[in-house]
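Welcome! Here is a short tour of one protein model, taken topic by topic. Have a look at the sequence and the 3D view, then read on.

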Amino acid sequence: MAAQPDYFNRWDSLEDKWSAENVIHLVDPETGTQDSRCYSDETVYRRELERIFARCWICVGHDSQIPKPGDYFTTTIGEDPVIVTRHRDNTIHVMLNQCRHRGLRLCRGDYGNAPSFTCSYHGWCYGTDGSLLGMPHNEQPKKHFNQAEWGLNKVAKVDTYRGLIFATWDGNAPSLADYLGESTWYLDAILDRNEGGIELIGLQKWTLRGNWKWGAEQHASDFYHAQVSHVSYASVYFPQATINRLKPIGEPEYGLQYSSPALGHGAGWMTYPNDVELGMALQTHPREVFEHMMSTAWPTMRERLGETRTDKMAVVHANIFPNLTFNRGQGYMRLWQPRGPNETEVWNYLFVDKAWPDEIKHAWQQSMARVFSVAGCLEQDDTENTTVAQMGVSGYIAARTRLNIKMGEQVDPGEFDGPGDISYVYSEYALRGFYRRWLELLSD
């Protein structure tokens, strides 16, 4: 008789202790197995907030959101609310959205322009650089009070890459350049297609009943789901579509995947068919968008980035560890904002090249809303997957099962000239890389 899984192991008495030697058993990247409690355990989640979101470089937005001095927007790093501002000297500041007097949420709007921020409780007023400017009845004596010491709590470091704004609370964090590593070669394929780069022109937010890692890991590694999850959409245009082939006519599709096991970043793309051929076949954009791509955008990109990143990398899905994702083919950037082990806020930005004509930007925005907005025909498939996946790991026994992430290994990419470890697109090599970094941070 086969041995039964050990559901009732020593971890049951250590649920609230998750020491480094216990955490290390959650994932085995070498053999490709993973404990379901990665997604459902409250204590593991609290450890993520401390060891990942309070220490890593986290993307908080893009400089196109704050073009002028006084502009600001609010977002979160993990569950900590922050204000991102452009100060009058043009510097960018990222500050905890918390009054230093009684702890109230200081700024409650999503974005705007203001010379200062005033707390609605007792009127403490702060500058756009976080300095405490004053408060009512400031003439009253306050023992041991030094106004200069009571500005807003600020992140330890702020830096940008191609307009993306990153922040970290950790003063000992490596430079942003070191943190991103060779992933910038892939980021440039998304952010640097045109002189002037990208701009964000839309944002949707919705709540997802699932752990934040489902969305992050899918964009790092998972093209595998497309034929299965989205077959109902594909079969409208290709009645012959199957769960084994995305494009049922012509040569079989082929693609590659990038992984940085040391840094946790990942990406995937199709090398055949190309962006235009695949997009026109699936009608993800109107014809005028594809005409602009072929006549103007692609020649510009080819001259700027070379043939590989223009003609041999279609769609391009990517994740910068931990929670920043992109889909180049559909033009969205996402932040998977954690709200507990079983809930995520999806911040879905639409990005376009600044140089594109306004009518192309508008057409692109309409097609993204139709396909990958909260009610988009493909987004609904992905939302259902995440919701049901979370349901599947949330029971007592279900949370104690091992999951399989064994698919795919590193391969010789042939003529592909991109950096990092490369596997085939239908692979979980980058998924294991994501969890190798995740495990290193949680067990350090």
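Helix α9 gives the largest share of the lining of the largest cavity, namely five residues. Please keep in mind that this is a predicted model.

**The largest cavity**

- Searching the whole structure turns up three cavities of 30 Å³ or more.
- The largest cavity holds about 590 Å³ of space.
- Its lining is made up of 38 residues, and those nearest the centre are F223, V315, N327, F372 and L378.
- Besides α9 (275-282), the elements that contribute two or more residues to this lining are α6 (212-221), α7 (226-229), α8 (231-237), α10 (287-305), β16 (314-320) and α12 (358-372).

- Strand β12 covers residues 164-168, and five of its five residues are buried, so the strand is largely enclosed by the rest of the structure.
- L164, F166 and T168 point one way from β12, while I165 and A167 point the other way; all of them are buried.
- One partner is strand β3 (residues 58-62), which pairs with β12 in the antiparallel sense through four bridges. Here H62 has L164 of β12 as its bridge partner.
- Another partner is strand β11 (residues 157-161), also antiparallel to β12, with five bridges. In this pairing V158 sits opposite A167 of β12.
- β11 and β12 make a hairpin with two residues between them, and R162 in the turn has a positive phi of about 50°.

**A three-stranded sheet**

- Strands β8, β9 and β10 form an open sheet, in that order, with antiparallel pairing.
- β8 (116-118) and β10 (132-134) are the edge strands, each pairing on one side only.
- From one strand to the next, the twist averages 35°.
- β8 and β9 (residues 125-127) run antiparallel and are joined by three bridges. S116 is found opposite G127 of β9.

**Helix α3**

- Helix α3 (residues 42-53) has 12 residues, and the distance from its first C-alpha to its last is 15 Å, close to the 16 Å expected at 1.5 Å a residue.
- What caps the N-terminal end of α3? D41 does, with a side-chain oxygen 2.9 Å from the backbone nitrogen of T43.
- The buried residues of α3 are V44, Y45, R47, E48, L49, R51, I52 and F53.

Technical notes
Residues are numbered from 1 along each chain as its sequence is written. This is a predicted model: local features need pLDDT of at least 70, side-chain atom pairs count only at pLDDT 80 or more; totals for chains, interfaces and linings use all residues. Side-chain values use heavy atoms; hydrogens and water are left out. Two strands pair if DSSP finds at least two bridges between them. Axes are lines fitted to C-alpha atoms, for helices over the stretch in contact, and angles run from 0 to 180 degrees between N-to-C directions. The expected span of a helix is 1.5 Å times one less than its number of residues. Buried means under 20% relative accessible area, exposed over 50%, partly exposed in between (1.4 Å probe, protein chains only). A polar contact is a pair of N or O atoms within 3.5 Å; within protein, one must be able to donate a hydrogen and the other to accept it, and residues adjacent in sequence count only if both atoms are side-chain atoms. On a 1 Å grid over the protein atoms alone, a cavity is a set of points where a 1.4 Å probe fits but cannot get out, and a pocket is an open set with protein on both sides within 12 Å along at least five of seven lines; lining residues have an atom within 4 Å of a point. Grid points are joined across faces, edges and corners, and a volume is the space filled by probe spheres set on the points.
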